Amino acid sequence: MELDFGPAVREFRDELRDWLADHLVGEFAEHRGVGGPTDGAAWEVRLAWDRELSAGNWLGVGWPRQYGGRGLGLLEEIVFEYEYARADAPYRATVNALDLLGPMLLAMGDEAQKKRFLPPVLAVEELWGQGFSEPGAGSDLASVRTRAERDGEQWVVSGQKVWTSFGVHADWLYVLTRTDPRSVRHKGLTMLLLPTDQPGVEIRPIRNLAGQDEFAEVFLSDARTGADMVVGEVGQGWRTAMATLGIERGTTLLPQQLTFEREAEALIGLARERGALDDPMLRRRIVDAWISVRIMRTTNLRTIGELTAGRTPGAQATTAKLYASTRHQRLGHLALELAGPAGQIVGEDYGLDTRQRSFLLSLAETIYGGSSEIQRTIIGEQILGLPKEPRP
């Protein structure tokens, strides 16, 4: 599939393709497609690849030039993500800062924060983690209990965060805190930028089913950060958090869709090899998997069309995450079923093959970025207009 937005963007696309062909070689080529939102594999190689991208000025192509970006538009950003995924380049180690922190600061940060933090992100000099979820505040983010108190020219932060992606590598965290102890739910929250290299911050890795430790839990015990490290306004952290999650949930799923298409093609190849296409029930499930990735493609193209036309994406953008995550799990389950006993056996030192790793990591997709239960509630209440669920 080609994305063609005219001569100007075509020139950008061709430049990117040439650069990827010249630089995605050697060790980087050996690690094509490695990593993911819940996969911390080959971390040092991916970090080196990010520095290669930075040297070529390919990070933050849509960020303003004064902060180190290229100052390009939405079309170029879409083309970059698509061509990057098409080349099957390693998953970027700095994705948290590039996709979430940076856009949040550009939208809601002050000028001093932008000048201080955005250039080091693009230079791959500082890594970031997201401090949102807590043991009692995951999908129900308004239940955040981590507290922050003002002490002169500093904020003192105490509490616990969990499921912090790549937290063990983070130099800084952007943390949602409760600054008004009398407040409840969405009120009295504040977004703070917090350095991790201090005595009051302890980060412990959490190992997942695939044997990776990209998640972490963070314990904050009187950790400190400057009074000027508030993003947005004090007490308005919910607005800032929702803007960040809007960035996370509103982006197109083109890179994931291309990955799923490759997996579907591999599934069809495996089915032919095993003679599974002769079984009408299996053949029906394989065709259903093939159709599902084509539906993802169509959904993404509709959303891209609306974004490039300056319109707010329609209902399909809200349903895309739920559909993609549940369908990907079915795809992985079918692939392991076709693999037979070999799909259930791992090598020495828990050595998973690509098929096994993809399936195990897919189990988290219906949780992170908004659980499927929450997604269904949003679709029911906000898209279909169904009565709201009773709340305590």
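This is a predicted model: local features need pLDDT of at least 70, side-chain atom pairs count only at pLDDT 80 or more; totals for chains, interfaces and linings use all residues.
Two strands count as paired if DSSP finds at least two bridges between them.

**Exercise 1: a pair of strands**

Work out in which sense strands E2 and E3 pair, and what joins them.

*Solution.* 
- Step 1: Find the strands. E2 covers residues 147–151, and E3 covers residues 154–161.
- Step 2: Check the bridges. Pairing takes at least two bridges, and E2 and E3 have five, in the antiparallel sense.
- Step 3: Look at the link. E2 and E3 make a hairpin, with two residues sitting between them. Gly-152 is in that turn, and its phi is positive, at about 65°.
- Step 4: Pick out one bridge. Arg-150 has Trp-155 as its bridge partner in E3.

**Exercise 2: Trp-155**

Decide whether Trp-155 is buried or exposed, then find what surrounds this residue.

*Solution.* 
- Step 1: Take the cut-off. Buried means under 20% relative accessible area.
- Step 2: Compare. Trp-155 has a relative accessibility of 5%, so it counts as buried.
- Step 3: Skip residues up to four places away in sequence, and Trp-155 still touches Ala-148, Glu-149 and Arg-150, along with others including Thr-179, Leu-192, Gly-226 and Val-234.
- Step 4: Gly-131 lies 24 residues from Trp-155 along the chain, and their C-alpha atoms are 16 Å apart.

**Exercise 3: Ser-358**

Find out whether Ser-358 is buried or exposed, and which side chain it joins in a polar contact.

*Solution.* 
- Step 1: Ser-358 belongs to helix H11, residues 354–362.
- Step 2: Use the cut-off again. Ser-358 comes out at 17% relative accessibility, and because buried means under 20%, it counts as buried.
- Step 3: Name the contacts. Neighbours within four places in sequence aside, Ser-358 is in contact with Glu-263 and His-328.
- Step 4: Spot the polar contact. The side chains of Ser-358 and Glu-263 are joined by one of 2.8 Å.

**Exercise 4: the cavity**

Describe the largest cavity: what is its volume, and which residues line it?

*Solution.* 
- Step 1: Count. There is one cavity of 30 Å³ or more in the structure.
- Step 2: Give the volume. The largest cavity has about 60 Å³.
- Step 3: Helix H5, residues 95–108, gives the most, with three residues.
- Step 4: Sort by type. The lining has seven nonpolar residues, four polar and no charged.

Key
Residues are numbered from 1 along each chain as its sequence is written. Side-chain values use heavy atoms; hydrogens and water are left out. Helices (H or I, at least four residues) and strands (E, at least two) are DSSP runs, numbered from the N terminus. Buried means under 20% relative accessible area, exposed over 50%, partly exposed in between (1.4 Å probe, protein chains only). Contact means heavy atoms within 4.5 Å. On a 1 Å grid over the protein atoms alone, a cavity is a set of points where a 1.4 Å probe fits but cannot get out, and a pocket is an open set with protein on both sides within 12 Å along at least five of seven lines; lining residues have an atom within 4 Å of a point. Grid points are joined across faces, edges and corners, and a volume is the space filled by probe spheres set on the points. Ala, Val, Leu, Ile, Met, Phe, Trp, Tyr, Cys and Pro count as nonpolar, Asp, Glu, Lys and Arg as charged, and the others, Gly among them, as polar. A polar contact is a pair of N or O atoms within 3.5 Å; within protein, one must be able to donate a hydrogen and the other to accept it, and residues adjacent in sequence count only if both atoms are side-chain atoms.
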